[in-house]
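The sequence and structure are shown first.

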Amino acid sequence: MPYTPVKLRPALLVDMLYTVHYFEYTSDYSFAGEAHDFWEFLYVDKGSIRVTADEKQYGLSRGQIIFHAPGEFHALSANGVTAPNLIVVSFKCDAEAMEFFRGHISSLGAEERELLSRIVSKSRAVFSTPLNDPATHSMQRNDQIPFGSEQLLRAALEELLIRLIRRGSGPPKRLSPSRTGRADAVIAYLKGRLDQTLTIEQICRDNLIGRAKLESVFAAETGGGVLDHFSRMKMEAARGLIREGQLNITEISSRLGFSSVHYFSRRFKKLTGMTPTEYARSVKMLMDAPGRAMDDNANNI
């Protein structure tokens, strides 16, 4: 009996890739803006930024992504307090499903961030063009590209788009000009006190702001609570200290103001899915190292 094949139907295809960037900007960086006839997304890997999309303004913080549709004018600026790290990817995709991303802003989960990491690392293997050059308008291929790298890059980008569409998201919230940037000063305050245990009352007192106002502004600009954000900042600092390898887990716990190493370990696992010891021995730790290309680069195999 003959077999009957089934032709697979792709939901969307990325036809062309224009640029892939990983920028580490200064706290006073500003980009006047542009518009082009292809899609682009911007992901905040560190810090926070202000984004203009046509006539609307948004505040984005670490972990958030925004899409710009073809023809949409977009500009950005740092907040003058924190130096942001950004991933910017521009590409061509004519699928009808892409309409989902028009005006789309959302926060990425761990699996989606892993796909972003893959996109950046594969781009480093495929292209010789530096990913931190804002003047890049044409990506040049490496002379020797590991087998299948371009297809893996495309697959990671398409999977990211599909996952976001399947997950869905509500419409983005526009930030009023009076609120934009208020949380940034508090974030800078928190960053300087990662070795302390803070309460909402102390944060309000030191920043001359009422609790209700602080929580409202912080939720509007970061999408979460003040103490939750502070806890995530501590865990980000902890991951950095573990990667540096100069302190043991007990010393890191003490440096970040935790009352005990056991409590620190519980908080670390709750927010990262791994204990500090598991993280120190994981591939994830190697992937998190700033500027490190993954093993897709043939020179590192």
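A residue is called buried under 20% relative accessible area, exposed over 50% and partly exposed in between, with a 1.4 Å probe and protein chains only. The model is predicted, so local features need pLDDT of at least 70 and side-chain atom pairs pLDDT 80 or more, while totals for chains, interfaces and linings use all residues. Residues are numbered from 1 along each chain as its sequence is written, and side-chain values use heavy atoms, without hydrogens and water.

| Residue | Relative accessibility | Class |
|---|---|---|
| Cys-93 | 4% | buried |
| Cys-204 | 9% | buried |
| Phe-101 | 0% | buried |
| Phe-100 | 27% | partly exposed |

A search of the whole structure finds 0 disulfides, a disulfide being a pair of cysteine sulfur atoms within 2.5 Å.

The search for aromatic pairs finds 11. Phe-100 and Phe-101 form one that is edge-to-face, at 5.1 Å centre to centre and 85° between the planes. Rings of Phe, Tyr and Trp (its six-membered ring) pair if their centres lie within 6.5 Å; planes under 30 degrees apart are stacked, over 60 edge-to-face and the rest tilted. Both residues belong to a cluster linked by ring pairs, together with Phe-41, Phe-67 and Phe-91.

Helices are DSSP runs (H or I, at least four residues), numbered from the N terminus. Among the buried residues of α2 are Leu-153, Ala-156 and Glu-158. After α2 comes Gly-168, with a positive phi near 75°.

Note on methods: Helix = DSSP H or I, 4+ residues; strand = E, 2+ residues; numbered from the N terminus.
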